[in-house]
Amino acid sequence: MGIRFVLMVNKQGQTRLAQYYEYLTLEERRALEGEIVRKCLARNEHKCSFVEHRNYKIVYRRYASLFFLVGVDDGENELAILEFIHLLVETMDRHFGNVCELDIMFHLEKVHFMLEEMVVNGCIVETSKANILTPVQLLDKTS
Amino acid sequence: MEQLKTIGRELAMGSQGGFGQSKEFLELVKSIGEARSKAEEDRIVVREIETLKRRIVEPDIPKRKMKEYIIRLLYVEMLGHDASFGYIHAVKMTHDDNLLSKRTGYLALTLFLNDDHDLIILIVNTIQKDLKSDNYLVVCAALNAVCRLINEETIPAVLPSVVDLLAHPKDAVRKKAVMALHRFHLKSSSSVSHLVSNFRKKLCDNDPGVMGATLCPLFDLIALDPSSYKDLVVSFVSILKQVAEHRLPKSYDYHQMPAPFIQIKLLKILAVLGSGDKQASEHMYTVIGEIIRKGDSSSNIGNAILYECICCVSSIYPNHKLLEAAADVNAKFLKSDSHNLKYMGIDALGRLIKITPHVAEQHQLAVIDCLEDPDDTLKRKTFELLYKMTKSSNVEVIVDRMIDYMISISDDHYKTYIASRCVELAEQFAPSNHWFIQTMNKVFEHAGDLVNIKVAHNLMRLIGEGFGEDAATADNQLRSSAVESYLRIIGEPKLPSMFLQVICWVLGEYGTADGKYSASYITGKLCDIAEAYSNDETVKAYAISALTKMYAFEIAAGRKVDMLPECQSFVEELLASHSTDLQQRAYELQALIGLDARAVETIMPQDASCEDIEVDTDLAFLNGYVQQSLERGALPYIPEDERTGMVNVSNFRSQDQHESAQHGLRFEAYEVPKPPMPSKVATVSLSSSTDLVPVPETLYSRETHQISSAGLSSETGSSELKLKLDGVQKKWGRPTYSSPTSSSNSTSQNPVNGATQTTDVATAVNSKVRDNYDTRKQRIEISPEKQKLAASLFGGSTKTEKRSSTSSKVPKASASVPDRSQESKAAVAPSEVAQGKTIQSSPPPDLLDLDESTITVAPPSVDPFKQLEGLLDPSINSTTNHSSGVTNAPDIMTHYAATPASRESGSGGYSIPVTGDNVNLLSELSNAAVRGTTGETTTTPLPQSVKGPNAKDSLQRDAKVRQMGVTPTSQNPNLFSDLLG
């Protein structure tokens with residue numbers, strides 16, 4: 001399966017985007033997000049960007065006030081996931097231009113569309129920014 | 001250029017503004033963004049739910065408005081509240097002709113619903129229709145939904161369309177169709193088993209995106225059954241070669257690296273295909289070697305690929321050259337300052353040592369550093385590595401470390417995990433019985449309630465069975481030391497229940513075995529336990545069984561039983577217990593005490609917990625009795641299966657079945673309960689006797705079962721406990737297990753023990769060697785503790801011949817090794833230390849902490865505008881520098897901010913990027929200023945702008961907030977900071 005979830009959470013622990021690739025109930029999500037954020041916030045920047053939590057391995061990266069957290073299975077290449085996060089941020093940046101937390105909040109669905117292009121069934125399927133953004137931009141145009 | 005950018009933004013804005021996000025939505029986002037606490041956020045969401053519940057049912061809601069409502073529902077669920085009242089509206093929205101509405105509808109459903117939700121059936125029809133649409137974006141939207149919402153039942157409804165779409169002219173559709181099939185395969189592999197050949201075909205798709213996506217299902221399929229895909233090895237190798245040679249379109253590049261994610265996936269596939277297959281592996285050697293050779297160890301993504309190469313190399317059939325190259329790469333990881341790379345390095349080392357165990361020794365210090373690092377993640381990874389390296393020579397150090405760590409953490413999940421690891425290692429490699437018992441005691445004491453019950457049973461059985469080899473004496477020693485340690489531990493407060501069970505059982509069984517302790521002493525202790533943990537019925541059950549045994553042994557030995565008053569009261573308490581199990585045990589004890597020595601000895605033989613009990617299933621010993629009865633005219637027994645047609649009401653079993661089948665009310669009267677049989681006591685001692693007791697099985701089966709699990713002497717060894725034991729005896733005790741390294745072990749253990757003979761040659765060599773070491777030692781100071789740890793972990797044990805051939809500095813390593821250890825410990829450790837450190841002292845590899853470097857370096861390569869901005873920076877930089885970043889800056893900012901704001905004021909629309917533009921320029925500006933003054937602060941991953949209120953922030957806030965038409969009192973400036981700043 002690879003990627004189990006993608007989360008964007010700010011420093012205050014408020015969720016800005018959540019995409020799960022396996023079904024969890026609301027309560028489970030809430031608990032999981034709380035625990036993970038607490039864990040990651042407690043770490044300083046000298047520690048590695050990977051945390052084990054229950055059966056997940058979480059790869060996280062911080063951009064300004066926003067944490068990007070990706071939960072993966074055991075067999076996943078953590079460094080690659082770290083770069084996947086960066087690719088996602090770069091892609092958003094290309095679309096929004098100097099993307100900030102507020103862009104994600106105002107365009108939640110678009111960020112989801114981008115993720116939908118990049119990750120399917122928990123696998124990274126598309127990494128070309130042009131390919132990721134084409135459908136999103138076409139949607140913009142048609143509406 | 002700046003103007004150009006602004007124009008571009010505004011063009012983009014045109015469409016964004018076109019959504020017409022309402023003021024309400026902006027307000028919602030703003031208030032959520034500014035919420036200070038989870039509680040405040042919850043209040044906002046609860047209010048929002050109320051609003052939405054009212055609004056969403058209003059008639060004739062415009063499409064645009066409806067889409068916004070759905071997105072607001074997304075917010076509700078994302079923030080942890082139930083939005084199920086709106087699901088149906090998302091379903092409706094998927095019917096919409098408007099593409100954006102449709103896709104948003106699908107998106108919402110994929111986020112809301114699990115694939116077993118009742119509403120799914122309502123959208124299957126829509127999905128079917130959309131899959132046939134002429135607009136490929138509609139098809140893609142439907143395929144997205146297929147990948148998330150179609151379950152096993154509904155697969156057949158969409159399968160034909162999905163298969164057709166594999167040949168769709170648009171690559172985006174083909175790609176998603178492949179992934180839809182992948183999903184079907186994951187959900188129900190039988191439903192698409194006839195279609196897997198499609199994945200092979202799609203591997204040759206001329207669009208690299210489709211090919212890349214196809215690797216995902218293929219990886220899964222290959223992992224399940226590698227042998228069926230060996231023919232693809234050549235194809236994968238050639239694809240990998242082409243990718244690595246930069247033959248894919250530039251758009252797949254990531255930081256100048258050709259399609260790294262595809263490379264990694266391919267390497268993963270090759271690792272599986274080449275595992276244990278020499279022929280397949282040979283195809284791969286060249287391309288992997290090439291990738292490693294060209295590898296870029298200065299970027300994260302480069303290292304990600306290199307790491308994957310190491311994984312692949314250590315998985316496929318070993319190739320000496322590649323392994324060496326991999327070890328070199330790994331050395332760089334381990335020596336890096338980046339924790340991320342160290343982590344990867346430790347992981348990779350764990351893979352490499354499986355094939356070349358000697359690679360670990362040059363990294364001893366790096367490993368120990370990681371072990372002692374405050375970072376838990378790194379520490380755990382290192383434990384993982386140590387676990388793989390454990391052998392009988394270093395098990396004590398490793399397990400001790402693990403236990404120390406286990407005690408220090410509070411995370412139950414990991415505690416459980418590491419406790420089981422400790423137990424496993426202790427069982428496999430324990431150097432002595434005493435150590436084993438001590439180790440198990442610690443594990444039980446600190447993680448007792450977390451370890452699997454099997455572990456406790458294992459321990460009891462190990463103590464009970466002994467180890468076979470040295471027979472009686474060793475076993476008795478083990479038992480004595482166990483008893484001794486338990487009597488010591490009992491005093492500690494709050495021991496875990498499971499540990500107490502073990503203690504009770506062992507005390508009951510062997511407490512008086514060596515004659516050191518009197519029965520009254522042990523029984524007193526047992527009563528203490530029962531009293532201290534009076535809430536724990538299981539412990540009490542173990543305690544009373546132990547008492548029973550204690551007294552039985554006493555009676556059997558012909559001594560007079562003098563029950564302590566506290567024992568008496570304990571038994572009395574249990575006689576009246578609510579638990580029938582405890583009651584029964586108490587009655588058994590009472591009955592047993594009244595019997596004579598011979599009877600007691602047969603019922604409770606000493607140290608017989610592991611004796612085999614022959615169960616006479618035919619009840620042959622009753623033949624005489626049966627015969628007698630028959631002669632006296634009793635009816636012969638008719639087997640159950642021959643009793644057809646007979647309704648036997650008194651037969652409990654048939655009645656039971658009857659009952660469960662009907663599940664209705666019973667109208668006939670209940671059976672008169674049978675009085676408890678006095679012969680019940682017999683159930684305790686002989687398991688076969690349970691069959692004898694003419695009491696309906698249903699009544700007592702549960703109890704007898706409990707007795708057996710509670711460790712009654714005759715039954716502890718029975719099937720229930722056999723779970724993990726089979727291998728234990730073999731593993732335990734002797735180091736026969738330590739597999740490939742055992743040969744090097746035996747030669748190397750000598751130096752550790754200090755039993756060595758020195759030859760003249762060796763000393764000569766050694767003195768020279770030591771000179772070298774001494775000079776080096778002066779340069780690098782390493783704490784003696786670490787050196788000691790290194791020595792005990794890696795010991796002499798890893799000084800193999802292999803090593804001597806690789807390290808040219810020690811001419812006769814094997815000869816010098818024993819000698820060195822004869823010198824003081826300090827001499828041993830530094831020498832090994834020096835080995836590791838000399839390499840470290842070479843110029844440090846230029847691996848910056850990649851986190852930061854990529855953040856700051858990467859964007860310019862992507863965004864040409866930024867480069868230009870970068871050019872602009874220095875000039876502004878100097879001004880801000882002088883004016884301490886405040887006085888001049890506001891002027892510039894207000895200037896920029898004023899124009900777009902006034903321009904927008906007429907339309908009143910939302911145009912954050914316009915101002916965000918200036919903001920960005922300024923944020924870079926302020927960054928640059930900081931950079932200029934403090935020099936090295938560039939490594940801080942956060943833009944400094946986040947900290948403290950400065951002019952830039954206030955301006956940013958002001959501008960954006962004004963765009964939103966809200967008062968500029970934003971409480972959360974972070975909302976506006978550039979992520980890639």
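## The sheet of chain A

In this predicted model, strand 1 (residues 3-10) of chain A pairs with strand 2 of chain A in the antiparallel sense over five bridges. Two strands count as paired if DSSP finds at least two bridges between them; strands (E, at least two residues) and helices (H or I, at least four) are DSSP runs numbered from the N terminus. Within this pair, Leu7(A) stands opposite Ala18(A) in strand 2 of chain A.

The open sheet has five strands in the order 2-1-5-4-3 (chain A), with antiparallel pairing. Strand 2 (15-20) and strand 3 (50-53) of chain A are at the edges with a single partner strand each, so one side of each has no neighbour in the sheet. From one strand to the next, the twist averages 20 degrees.

## The helix across the sheet

Helix 1 (residues 26-41) of chain A lies across strand 1, strand 2, strand 3, strand 4 (56-63) and strand 5 (66-72) of chain A. Helix 1 of chain A runs at about 140 degrees to strand 3 of chain A. Angles run from 0 to 180 degrees between N-to-C directions, with axes fitted to C-alpha atoms, for helices over the stretch in contact (heavy atoms within 4.5 Å).

## The lining of the largest cavity

By class, the lining has 13 nonpolar, six polar and four charged residues. Ala, Val, Leu, Ile, Met, Phe, Trp, Tyr, Cys and Pro count as nonpolar, Asp, Glu, Lys and Arg as charged, and the others, Gly among them, as polar. On a 1 Å grid over the protein atoms alone, a cavity is a set of points where a 1.4 Å probe fits but cannot get out, and lining residues have an atom within 4 Å of a point.

## Conventions

Residues are numbered from 1 along each chain as its sequence is written, and chains are lettered from A in the order in which they are written. Local features need pLDDT of at least 70, side-chain atom pairs count only at pLDDT 80 or more, and totals for chains, interfaces and linings use all residues, while side-chain values use heavy atoms, leaving out hydrogens and water.
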